[in-house]
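Here is a short tour of a ligand site and of some ring pairs. Have the viewer ready and follow along.

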Amino acid sequence: MKNLEKIDQELKKIRDEVLNCKKCPLYEYRTKNKFLPVIGEGNHQARIMFIGEAPGLNEAKTGRPFCGAAGKILDELLDTVGIKREEVYITNILKDRPPENRNPKPEEIDAYSPYLLRQYKIIKPKIICTLGNYSTAFILEKFGLAEKIQGISKIHGKIFDTQAIFQSVKIIPFYHPAVATYNPDMKKILKEDFKILEKLSQNFSTE
Ligand code: URA
């Protein structure tokens, strides 16, 4: 197992780089509004990594991922399957909030996603949970599964096995938890899908 101190150092280096990334397309917007970048948080040796889309207002104010309304739903989902937030690592594709929470632009994904891929390579999770269309399409493409990309309504709750980058990893797409903040029926679907994660994570915990 990689030395935890080294992992912490490598992740801190990413944080420092994002903080000072003047070429990042949302750097100016961040600094003008006195927002913080949102790098990610959780267990630096997590078996499960959650990848959202981009920080919202609460996240940009605090520097913490999923700490607003969508975060409450994510916490509840984790709770229902007995997984502690501290056990997992939670991050986003974009590390800065887009104005008015608009969708990420392709050039923003290009600029910020190398940080996400470095986080993945450092933490080496066995399971990647993508939240919503953007992170699902990005991760499937990067892990050699571009032909599997479909809208989240078609592929949520499915498990994709891949051997890409340096180890085998399971990718599970989920609806973005924010959908359950305005559509309670979606919470039921998310809860069902999280049961798949519960089963998988139990298999991994006995390895
Ligand atoms: N939505 C996201 O995709 N990420 C967050 O951190 C918060 C809301």
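A polar contact here is a pair of N or O atoms within 3.5 Å. This is a predicted model, where local features need pLDDT of at least 70, side-chain atom pairs count only at pLDDT 80 or more, and totals for chains, interfaces and linings use all residues. Residues are numbered from 1 along each chain as its sequence is written, and side-chain values use heavy atoms, leaving out hydrogens and water.

A polar backbone atom of phenylalanine 66 is 3.0 Å from an oxygen atom of the ligand. For glutamate 53, a polar backbone atom is 2.8 Å from a ligand oxygen. Asparagine 92 uses its side chain: a polar atom there lies 2.7 Å from a nitrogen atom of the ligand.

## The shell

With a heavy atom within 4 Å counting as near, the residues around the ligand are Gly52, Glu53, Ala54, Glu59, Pro65, Phe66, Asn92 and His176. They divide into three nonpolar, three polar (Gly counts here) and two charged.

## Aromatic pairs

Rings of Phe, Tyr and Trp (its six-membered ring) pair if their centres lie within 6.5 Å; planes under 30 degrees apart count as stacked, over 60 as edge-to-face and the rest as tilted. The count comes to four aromatic pairs. Phenylalanine 50 and phenylalanine 194 are stacked, because their ring centres are 6.0 Å apart and their planes at 15°.

Technical notes:
A polar contact is a pair of N or O atoms within 3.5 Å; within protein, one must be able to donate a hydrogen and the other to accept it, and residues adjacent in sequence count only if both atoms are side-chain atoms.
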